[in-house]
Amino acid sequence: MTDKFNSSGNQSILKGRQGARWGQERRLEFIDYRLKWDGQINRSNLTDFFGISVPQASLDLSEYAKLAPGNMEYDTSARVYRSTSDFLSVFSTSSLERYLDDLLRVAVESEVQYGSFLGWYSPVAAVPRLLRRLDTDIVGEILRAIRENGSVWVTYQSMGDPEGSKRKLTPHALVHDGFRWHARAYCHKRKEFRDFLLSRIIHAESAGQTKEQIDIDIEWNTMVEVIIIAHPALSPAQRRLIENDYAMENGELHMECRKALLHYLLFQLNLTDAQATQAPEALQLALKNRDDVYALFQQ
């Protein structure tokens, strides 16, 4: 089974579908998802999930058949629609990435489905993660400041100041580094843009609109090309293995990353100087344009 969407999520068959009710569009996505990942669907799946009538479910299935002819066929003995061998998904919500994300949510917090379309799924587990304390009111205050182009007074703790001190921040984005949530903000104390761990903000209140002139966050707006290769000290067979793992083309993987987030990316990929003493088999990857990337930290 393949998709009628490329890796960037661009639509093909659905291009030009205008005016469809959001409710039905969502149900058509559901049909597409279940056909791809369960291989079958029936009217009761739709009525149970969306709380619609049987006649409406029949209309949705008919509409899907018009949208994607040849994607499903009716099994009269089992009374289900089954995906055909020529199935081509027509919604990006049926992508492998979305499906695996849904599985991960089940593994992390099985009682909360987050509106996923999962039906049957394989047993799944995830390595436990340490979760940092987050305060709903504090995060809400940061979000309001971002939305309203405002500032906040915060009490912020750090390893150098574990008791915490008051400072004024003008946040413009949230950042997740793979493990922790940060606010990207202009620090009026340091007079520069920095990342602030949300878990270390122990108090936040509105500071209204800032009257100070704030420069553009250049590091945030600067995109850096990172070229990843298999570690050159690996054997040719090992390098081919790594290249296949990451779907490299011509032995390279090109990524774009905000300069402000570059150090997080390098740490996750085991590419910092502090991690470089590990064996090639442990590192597995290397930076082809290392000198260019590392030169950015000196600017």
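The second largest pocket first: about 230 Å³ of space. Keep in mind that this is a predicted model. Which element gives the most to the lining of this pocket? Strand S9, with 3 residues. S9 spans 192-197, and helix H8, 262-268, also supplies at least two residues. The lining includes Arg184, Phe193, Arg194 and Asp195. Glu219, Lys259, His263 and Tyr264 are also among the lining residues. By class, the lining splits into 5 nonpolar, 2 polar and 5 charged.

Now the largest pocket. Here the space is about 630 Å³. The lining has 21 residues, and the closest to the centre are Arg129, Leu131, His176, Phe179 and Trp181. Helix H4, residues 96-108, contributes the largest share, 4 residues. The lining counts are 12 nonpolar, 3 polar and 6 charged.

On to the cores. In soluble globular proteins, nonpolar side chains tend to be buried together. The largest nonpolar core in this model has 24 residues. Which of them touch the most other members? Val226, Ile228, Leu262, Leu271, Leu285 and Leu287. Strands S7 (165-176), S11 (223-230) and S13 (285-287) each give two or more residues to this core. So do helices H8 and H10, the latter at 290-295. Note H8 again: that helix also supplies at least two residues to the second largest pocket's lining.

Take Leu271 as an example. Leaving out residues up to four places away in sequence, Leu271 touches Ile228, Leu266, Leu285, Ala286, Leu287 and Tyr294.

Last item. There is a second, separate core of 22 residues. Phe30, Ile52, Val106 and Leu118 are among its members.

Notes. Residues numbered from 1 in each chain as written. Predicted model: local features only at pLDDT ≥ 70, side-chain atom pairs only at ≥ 80, totals over all residues. Heavy atoms only, no water. 1 Å grid on protein atoms, 1.4 Å probe; cavity = no way out; pocket = protein on both sides within 12 Å on 5 of 7 lines; lining within 4 Å. Points joined across faces, edges and corners; volume = space filled by probe spheres on them. Nonpolar A, V, L, I, M, F, W, Y, C, P; charged D, E, K, R; others polar. Core = buried A, V, L, I, M, F, W, Y, C linked by side-chain atoms within 4.5 Å. Buried < 20%, exposed > 50% of the residue type's maximum accessible area, 1.4 Å probe, protein only. Contact = heavy atoms within 4.5 Å.
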